[in-house]
Amino acid sequence: MLRVGLTGGIGSGKSAVAARLVERGAVLIDADRVAREVVAPGTDGLAEIVAAFSDAVLDTDGALDRAALGAVVFADEAARRRLEAITHPRVRARTAELTAAAAPDAIVVNDVPLLVEVGLAPTYHLVVVVQTAVPTRLERLARDRGMRRAEAERRIAAQADDARRRAVADVVLTNDGSLAALHDAVDVLWRQRLVPYEDNLRQRRVVPPDPAAAAGADASWSEQYERLAARIQHALGSAALRIDHIGATAVPGLAAQNVIDVQVAVGSLADADGPLADRLASAGFPRVPGQWWDDPRPAGRGRWEKRLHGSA
C-alpha cells in the first residue's frame with residue numbers, strides 16, 4: 001500500500017487534484033470529512049469542543065457551527081492550538097482505521113489541508129503539494145465560495161506559506177492554468193510515479209539510481225536529504241541512533257551515480273537484520289537483495305560492516 005499525502009493552501013485546487021486521483025483509482029481519505037465526522041453530534045469530540053469554547057459554537061440543532069468556531073480560532077493562535085489538540089488525535093485514529101481497510105495494493109491519498117502545519121509529511125511515502133499564486137487563490141475563493149477578500153486573506157495567512165510546503169514536497173503541482181492542464185499533470189504523476197512506486201513498495205523492489213533524474217530534481221540535495229532523513233527517523237524512531245548525510249558516497253558501484261547517501265547508525269547488526277529492516281522496507285527503503293558491505297577501516301581500527309538499503 002502506498003500512502004500519499006496531498007496538501008495545498010486554501011483555494012489552490014487541491015480538491016480538484018484529489019478528485020482526479022480518485023478517477024484514476026486512488027482511495028481518498030479526506031481529512032476535512034474525517035474532521036467533521038469526529039465532531040458530529042453525540043461524539044466525545046463535540047462535547048470536548050463545547051467544554052473548551054462554550055455552546056456559542058453550536059447551531060440551533062446542537063451541531064457544530066463551523067463558521068462560529070472558525071471566527072474564534074482563526075483570530076487566536078492559542079485557541080486554534082486548543083482546537084487542534086482536541087480534533088487531531090481523533091482524526092489520526094479514524095484515518096488509521098480507514099487506511100487499514102484499504103486493499104494491500106491500494107494507493108491511498110490523504111487529503112490533508114494542514115499537513116505541513118501539524119508535521120505529518122514524514123508519515124507518508126510521498127507528499128504532493130498543489131501550489132497556486134495567491135491572487136489566483138483569492139479570486140477562486142471569492143468566485144467559488146463567496147468569501148470576502150479580508151476573510152480569504154486571513155485564512156491564507158493562518159496556513160503555511162508556499163516555501164514551507166515546498167520544503168516537504170516530493171512533487172509540486174502548479175495550478176495556475178486550466179483544469180485540463182492540471183488533470184494532465186495528475187495523470188502523468190499517477191502513471192509515471194505513483195503506480196510504479198506502489199508496485200515497487202509492495203514487492204520490496206529497489207529502483208536503480210537514475211543519475212539524470214537526480215540531477216534534474218527541483219529541490220537541492222540538502223532539501224532532498226532532509227525529507228529522506230525525516231522519513232527514516234519516523235520509521236525507526238529511537239532505534240536510529242544517528243542519521244548522517246554522506247556528501248560523497250563510498251559505496252561500491254554507486255560512487256559515480258550521483259545518489260544521496262544516507263547513513264543510519266543502529267545498536268547492532270542484529271537490529272539491522274531484524275525488525276528495523278522490515279520497518280525501513282515498509283517506509284519505502286527495501287534491503288538491497290543479497291548484499292551487505294564489509295567496509296575496510298584505517299589500519300588498526302578493524303572493519304565496519306554495513307547493510308545496504310535502496311529506494312523503492
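Analyst: **A helix end, helix faces and charged pairs**

Gly284 comes after helix H13 and has a positive phi, near 110°. Helices (H or I, at least four residues) and strands (E, at least two) are DSSP runs numbered from the N terminus. The model is predicted, so local features need pLDDT of at least 70 and side-chain atom pairs pLDDT 80 or more, while totals for chains, interfaces and linings use all residues. Numbering starts from 1 along each chain as its sequence is written, and side-chain values use heavy atoms, without hydrogens and water.

H13 itself spans residues 275-282, and its buried residues (under 20% relative accessible area; exposed is over 50%, partly exposed in between; 1.4 Å probe, protein chains only) are Leu276, Ala277, Leu280 and Ala281. These four cover an arc of only 140° around the axis (directions from the helix axis to the C-beta atoms), which puts them on the same side of H13.

A salt bridge (side-chain nitrogen of Lys or Arg within 4 Å of a carboxyl oxygen of Asp or Glu) pairs Asp273 with Arg287, with 3.4 Å between the closest N and O atoms. This pair links distant parts of the chain, 14 residues apart: Asp273 belongs to helix H12 (residues 269-273) and Arg287 to strand S8 (residues 287-296). Asp273 is partly exposed, with a relative accessible area of 39%; Arg287 is also partly exposed, at 24%. Elsewhere, salt bridges with shared partners join Arg20, Glu23, Arg24 and Asp187 into one network. The count of salt bridges comes to 22.

Helix H4 (residues 66-73) has Leu69, Gly70 and Val73 as its buried residues. Viewed down the axis of H4, they fall within an arc of 100°, so they line one face of the helix. Their cover includes helix H3 (44-53) and helix H5 (77-100). The N-terminal end of H4 is capped by Asp65, with a side-chain oxygen 3.2 Å from the backbone nitrogen of Ala67.

In helix H6 (residues 134-145) sits Arg140. Arg140 is buried but has no salt bridge; Asp176 is the nearest side chain of opposite charge, 5.7 Å away. (Lys and Arg count as positive, Asp and Glu as negative; His and the chain ends are not counted.) The side chain of Arg140 does reach the backbone oxygen of Ser12, at 3.2 Å. Apart from neighbours within four places in sequence, the contacts of Arg140 (heavy atoms within 4.5 Å) include Gly11, Gly13, Thr132, Arg145, Asn175 and Gly177.

Arg143 and Asp144 meet in a salt bridge at 2.8 Å, N to O, and both residues are exposed. Arg155 and Glu151 form another, their closest N and O atoms being 2.7 Å apart. Those two residues lie four apart in helix H7 (residues 149-158), so about one helical turn separates them. Glu151 counts as partly exposed, at 22% relative accessibility.

Finally, the chain as a whole. Its secondary structure comes to 13 helices and nine strands, and 39% of its 312 residues count as buried. Of the contacts between residues at least 6 apart in sequence, 70% join residues at least 24 apart.

Definitions and conventions
A polar contact is a pair of N or O atoms within 3.5 Å; within protein, one must be able to donate a hydrogen and the other to accept it, and residues adjacent in sequence count only if both atoms are side-chain atoms.
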